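Please work through the following exercises with the sequence and the structure at hand. Each task is followed by a solution in steps.

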Amino acid sequence: MNFRHQNCVLLGIIHSTKMKQIAYIPHVADVCLEIKGNTINELFEAGLEGMANLLSSKVCVPHEEVPLNETITLTSIDVTALLIDFLSKVLTVSYVDKAVFRSFDSLEINGNKLVAVIVGYSVKEFDEDIKAVTHHGAEVKKGKEGQWETNVLFDI
Amino acid sequence: MRVPAYVYAMEEMLDSLGRDKSLEQLVNVATLPGIVKAAMAMPDVHEGYGFPIGGVAATRWPDGVISPGGIGYDINCGVRLLLSDVTKQDIKSNLDNVAQALFDIIPSGAGRGGDIVLETEMLDRVLQQGVNWALDNNYAEKDDIRYIESGGQFPHADPAKVSEEAKKRGHDQLGTIGSGNHFVEIDEVSEIYDENIAQSYGLQKNQIAILIHTGSRGLGHQVATDYIRIMMEAMPKYGITIPDRELACLPFNSNEGQDYYHAMAAAANFAWCNREIVTWRIRKSWSNLLGISGGSLRLLYDVAHNIAKIEQYEVDGEKMKLIVHRKGATRAFGPGHPEIPQRYSSVGQPVIIPGSMGTASYVMAGTTKSMEATFGSACHGAGRQMSRTAVRKIVEINDLEKKLNKQGIFVRGSRRGLSEEAPEAYKDVDLVVETVQRAGIANKVARLKPLVVIKG
């Protein structure tokens, strides 16, 4: 979701809407993300945004800055692994391209397969050195309120 | 559980053990196919993913499993200690300058690269040769090699088993420390516990020493990520099920198991080369700043604390070749072991235990008992006990900086990184080390007090 604000484009960071929720839970050695979404796609959006927030607090980019697009195609053993593998892939691309990807241009999820185009902007530095997206405690499932949810633990 | 789970801890540590999932994780480790004797936790144990951090497990070679979770994402994260010819008194007036000089010369920070940027062919040589690449390219001193675990070069490395993505992540990160709990520290030897071993190591009271803590950076992280995924997909083929996905594992002698081992070895070589080049930077800066009066910086030892090694032990009267996984645990070979340098043969391998910023670090010596009890392993540090969020809430960065300055500690690094690494976040390193001492798996040789801390 983009907004026009003064001299820059604000990459709207929405931590909680009816559609998706992102929360950061204390964990001894790492950072734990709790995410929810009304649909699987929204869950993946929340995961992408939640990780992007860790990598960089940069929310305002100059109008003239050209966004970066990356296509990601994945097949995993199940939807939980698909989410972790997807975020891992984004993390890799982020460090290789020195960019932070916060949103999708397109996202198709079919069971345990994914095709996505992610959108991001280059950064001069990262706020956090995320070693990896781990499978620890991750389980994509429907919660009591009917939303898709899971925790994602990042090794910092 | 296929074997028991052993925890090395003093009574006063037991309460904190129950506060996270480390014990549950240890029990899960004890279910690994081919595991031998016991799953073990060192006194600095805390919750990790798959294995707890501070965990040791050995599986039967060649068909027991190898598990990337038993090594960790930061393959060959480790520590080395350099010994100087000067005392605190000699450089007291220059400490702030030294702090700044080191901060300026050592690339640090989240995801940050350095000035050594390698094309794939050259990077492959680093992955193959480890610290010997640094030597061939004038980034190392020849004498260092014998004082690095495995001579700084794993012979089983195969760069072809490291993905292109891993190489892209690591191609500009040689000679950098990263961020988080990685650091360079200037210490003073504040106490000697064993004069005989200290003499063999070349340690003296009031001597200045330099501690370096870093690993394989993004390259190693990616290798671990790649192979956890590969193993998760391949496990059904081998009939393996596990209680935790981060324990993904395969028989060591499977194609995928061998691929991981060779890739892990390559990443380990990158890390040894990395620490050697950080050392080169420090030596250069030290010499530029202090001149002849600064003397030289000799490498005491370099130890890995996230690695898997093929080692031989006697278990229930039978000599066995084992795949020893150390995740947040340090090798602690005792006297007479052929793998330790001749100079230390009579006293045992140096075991370097970094504490937290503002407390203390230790030099210990490996023992014969460790070979019998813990597959030649000891703790690796203080062990984290508080989340980054929690410690940021209770530690105010200005107060922390004042407190450290009052203790005579000069600090350089990102302010957020400093608050997250405050001493309150860590267990009592004195207690951790005392536990190891009382268990007989390593002996205290010297205590180091920090004077300068550089964090990413």
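Two exercises follow, on the contact between two chains and on one residue.

The model is predicted: local features require pLDDT of at least 70 and side-chain atom pairs count only at pLDDT 80 or more, while totals for chains, interfaces and linings use all residues. Residues are numbered from 1 along each chain as its sequence is written, chains are lettered from A in the order in which they are written, and side-chain values use heavy atoms, without hydrogens and water.

**Exercise 1.** Describe the interface of chain B and chain A.

*Step 1.* Contact means heavy atoms within 4.5 Å. By this rule, 36 residues of chain B meet 33 residues of chain A.

*Step 2.* Count the salt bridges (a side-chain nitrogen of Lys or Arg within 4 Å of a carboxyl oxygen of Asp or Glu). There are five between chain B and chain A. Asp172(B) forms a salt bridge with Lys98(A), with the closest N and O atoms 3.5 Å apart.

*Step 3.* Identify the elements, where helices (H or I, at least four residues) and strands (E, at least two) are DSSP runs numbered from the N terminus. Elements of chain B that give two or more residues to the side touching chain A include strand 2 (35-49) and helix 9 (217-234). Helix 9 of chain B supplies the largest share, eight residues.

**Exercise 2.** Is Glu149(B) buried or exposed?

*Step 1.* Locate the residue: Glu149(B) lies in the loop between helix 6 (131-136) and helix 7 of chain B.

*Step 2.* Apply the cut-offs: buried means under 20% relative accessible area, exposed over 50%, and partly exposed in between (1.4 Å probe, protein chains only). Glu149(B) has a relative accessible area of 0%, and is therefore buried.

*Step 3.* Leaving out residues up to four places away in sequence, Glu149(B) touches several residues, among them Trp272(B), Lys309(B) and Arg331(B).
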